[in-house]
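Here are my notes for your reading of this model, arranged as numbered points. Please keep the sequence and the structure open beside them as you go.

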Amino acid sequence: MSAHAGLPSTRWSLRGLTDEGDEAWLIRSIGHKLYRCPACHGEIEIGTEHTVVQYVLRLGGTEHHHWHRQCAEELLVPDLRDVKRVPASQSSQSKLEARGRKPSGRRR
Ligand SMILES: [Zn+2]
């Protein structure tokens, strides 16, 4: 079992780096519409807990995808470097979008 099993949660998000040097933030969410998981192509039903993967790109900008929690934990997190848990309050959509407006060298 990984050190981050059970995360993200309501209190904690996860942040790691992709091979390309983009930040990947994993955030717990409840779906308000039907999503399709990019890993298994299965549906994520409305109202179910799942994981939003928000990328903050090295060159600026953001993009996000909705994953099954288990798919993200098994297929995405093992491919990320320097995975750390961060308070969920730091991973709001508005904060990450603001972060994406700065090149990676000028982020804290
Ligand atoms: Zn899936």
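1. A residue is called buried when its relative accessible area is under 20%, exposed when it is over 50%, and partly exposed in between. The model is a predicted one, and the accessibility values below should be read with that in mind.

2. Begin with the metal site, where the zinc ion is coordinated by Cys37 (SG), Cys40 (SG), His68 (ND1) and Cys71 (SG), at 2.1 to 2.4 Å. The angles among the four donor atoms run from 95 to 117 degrees, and the site is tetrahedral, because four donors count as tetrahedral if all angles lie between 85 and 135 degrees. Along the chain, the donors of the zinc ion follow the spacing C-x2-C-x27-H-x2-C.

3. His66 is placed in strand E6 (residues 62-67), and it counts as buried because its relative accessibility is 13%. Its side chain is joined to that of His50 by a polar contact of 2.8 Å. If residues up to four places away in sequence are not counted, His66 touches several others, among them Tyr35, Arg36, the zinc ligand Cys37, and Val52.

4. Ala24 belongs to strand E2 (residues 23-30), and at 0% relative accessibility this residue counts as buried. Leaving aside neighbours within four places in sequence, Ala24 is in contact with residues including Leu14, Gly16, Tyr55 and Leu80. The C-alpha atoms of Ala24 and Glu63 are separated by 9.6 Å, although the two residues are 39 apart along the chain.

5. Some details of the backbone deserve a careful look, because most residues other than glycine have a negative phi, and most peptide bonds are trans. Leu7 and Pro8 are joined by a cis peptide bond, with omega about 5 degrees, and Pro8 is found in the segment before strand E1 (12-17). His41, which is not a glycine, has a positive phi of about 65 degrees; His41 lies in the loop between E3 and E4 and, at 54% relative accessibility, counts as exposed. Asp82, also not a glycine, has a positive phi of about 55 degrees, and Asp82 is found in strand E7 (residues 81-87).

Conventions:
Residues are numbered from 1 along each chain as its sequence is written. This is a predicted model: local features need pLDDT of at least 70, side-chain atom pairs count only at pLDDT 80 or more; totals for chains, interfaces and linings use all residues. Side-chain values use heavy atoms; hydrogens and water are left out. Donors are N, O and S atoms within 2.8 Å of the metal (3.2 Å for Na, K and Ca); water is not among the atoms, so sites may look incomplete. Four donors count as tetrahedral if all angles lie between 85 and 135 degrees; four count as square planar and six as octahedral if opposite donors are over 155 degrees apart and all others between 65 and 115; anything else is irregular. Helices (H or I, at least four residues) and strands (E, at least two) are DSSP runs, numbered from the N terminus. Buried means under 20% relative accessible area, exposed over 50%, partly exposed in between (1.4 Å probe, protein chains only). A polar contact is a pair of N or O atoms within 3.5 Å; within protein, one must be able to donate a hydrogen and the other to accept it, and residues adjacent in sequence count only if both atoms are side-chain atoms. Contact means heavy atoms within 4.5 Å.
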